[in-house]
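Here are my notes for you, as one colleague to another. Have the viewer open while you read, and take the points in order.

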Amino acid sequence: MITVSDVKQYLYCPKIIYFDHILHITKPADEKLKTGKDKHDSITAREKRRKGAIFYDPELDGAEKMFRVELESSTLGLRGVLDYLVRTDREFIPVDYKFGHSHKGSVQLNHKYQLAAYALLVEESFKTVVRRGFIHYSRDPINVRIDLDDEIRRRTLKVIREIAQIIEDEIEPAGTRNSSRCIDCEYRKYCIGHISPRPNPEK
């Protein structure tokens, strides 16, 4: 079973899937992960204290707020732990925290499809239809709204199938074409540097 984080990683660089699931490479210690967890705990604590949901949105006063929601679907072959799920009488709203920057006030592409993957899991787990979600970028800081339509669902399912195929075939895929991503990549020393166009679910 793949994880929602795999969706994000695949769109960053497909080779990460191969390194994680086929070679089972142990990731080096990452100080950014500890820093991210500390920030996550801080944001969650503040959000729990607030009357409204999603950072003071008055439309969501009285909403149920769920944190660290474990989700899994055997149908999708997918699992993940969602940072934050808002539940009202009318809808479910998934929220994912990011501790970096947005893309000039907009969503990073791999984060968009990661959130869509969470939305698919929420839909199946709660027998509902998710119409919107948010990504919180703490460094900007902004909340970017993502509207979930059928096209995003279709593209997200396609990405999930492509990841599953890499794992099933055990064939090393080409890496990202964006070499700037390799600079801080934790798998850099294992990568032999095949370069090809990165997957683009928007096409």
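How many aromatic pairs does the structure hold?

1. The count is six aromatic pairs. Keep in mind as you look at them that this is a predicted model. Start with tyrosine 18 and phenylalanine 19: their ring centres are 6.4 Å apart and the planes sit at 65°, so this pair is edge-to-face. Planes over 60 degrees apart get that label. Both tyrosine 18 and phenylalanine 19 are buried. They also belong to one aromatic cluster, together with Tyr187 and Tyr190.

2. Next, find tyrosine 84 and tyrosine 97. Here the ring centres are 6.3 Å apart with the planes at 45°, so the pair counts as tilted. Tyrosine 84 belongs to strand β3 (residues 78-87) and tyrosine 97 to strand β4 (residues 92-98), so the pair ties together parts 13 residues apart in sequence. Again, tyrosine 84 and tyrosine 97 are both buried.

3. Now zoom out a bit. The chain has five helices and six strands. Reading from the N terminus, the order is β-α-α-α-β-β-β-α-β-β-α. Of the 203 residues in the chain, 46% are buried. Look at the contacts with a separation of 6 or more, too: 63% of them are between residues 24 or more positions apart.

4. Which of its residues are buried? They are Val4, Asp6, Val7, Gln9, Tyr10 and Leu11. The cover over these buried residues includes β1 (2-3), α2 (15-21), β3, α4 and α5 (150-169).

5. On the α1 side, the contact uses Val4, Ser5, Val7, Lys8, Leu11 and Tyr12. On the α4 side, the residues include Leu109, Tyr113, Ala117 and Leu121. Sorted by class, the contact of α1 with α4 has nine nonpolar, four polar and one charged residues.

6. Then compare that with α5. How do α1 and α5 sit relative to each other, and what is the angle? They pack at about 85°, with axes 10 Å apart. The two helices are therefore roughly perpendicular to each other. Asp6, Val7, Tyr10 and Leu11 of α1 meet Val159, Ile160, Glu162, Ile163 and Ile166 of α5. In the contact of α1 with α5 there are seven nonpolar, no polar and two charged residues. If you wonder about the spacing in lists like these, an α-helix has 3.6 residues a turn, so residues three or four places apart point the same way.

7. Finally, click on aspartate 6, which is found in helix α1. Is this residue buried or exposed? With a relative accessible area of 4%, aspartate 6 is buried, because the cut-off for that word is under 20%. Setting aside neighbours within four places in sequence, aspartate 6 is in contact with Ile17, His21 and Ile163. Aspartate 6 and isoleucine 17 are 11 residues apart in sequence, while their C-alpha atoms are 6.7 Å apart in space.

Conventions
Residues are numbered from 1 along each chain as its sequence is written. This is a predicted model: local features need pLDDT of at least 70, side-chain atom pairs count only at pLDDT 80 or more; totals for chains, interfaces and linings use all residues. Side-chain values use heavy atoms; hydrogens and water are left out. Contact means heavy atoms within 4.5 Å. Helices (H or I, at least four residues) and strands (E, at least two) are DSSP runs, numbered from the N terminus. Ala, Val, Leu, Ile, Met, Phe, Trp, Tyr, Cys and Pro count as nonpolar, Asp, Glu, Lys and Arg as charged, and the others, Gly among them, as polar. Rings of Phe, Tyr and Trp (its six-membered ring) pair if their centres lie within 6.5 Å; planes under 30 degrees apart count as stacked, over 60 as edge-to-face and the rest as tilted. Buried means under 20% relative accessible area, exposed over 50%, partly exposed in between (1.4 Å probe, protein chains only). Axes are lines fitted to C-alpha atoms, for helices over the stretch in contact, and angles run from 0 to 180 degrees between N-to-C directions. Angles under 35 degrees count as roughly parallel, over 145 as roughly antiparallel, 65 to 115 as roughly perpendicular and the rest as oblique.
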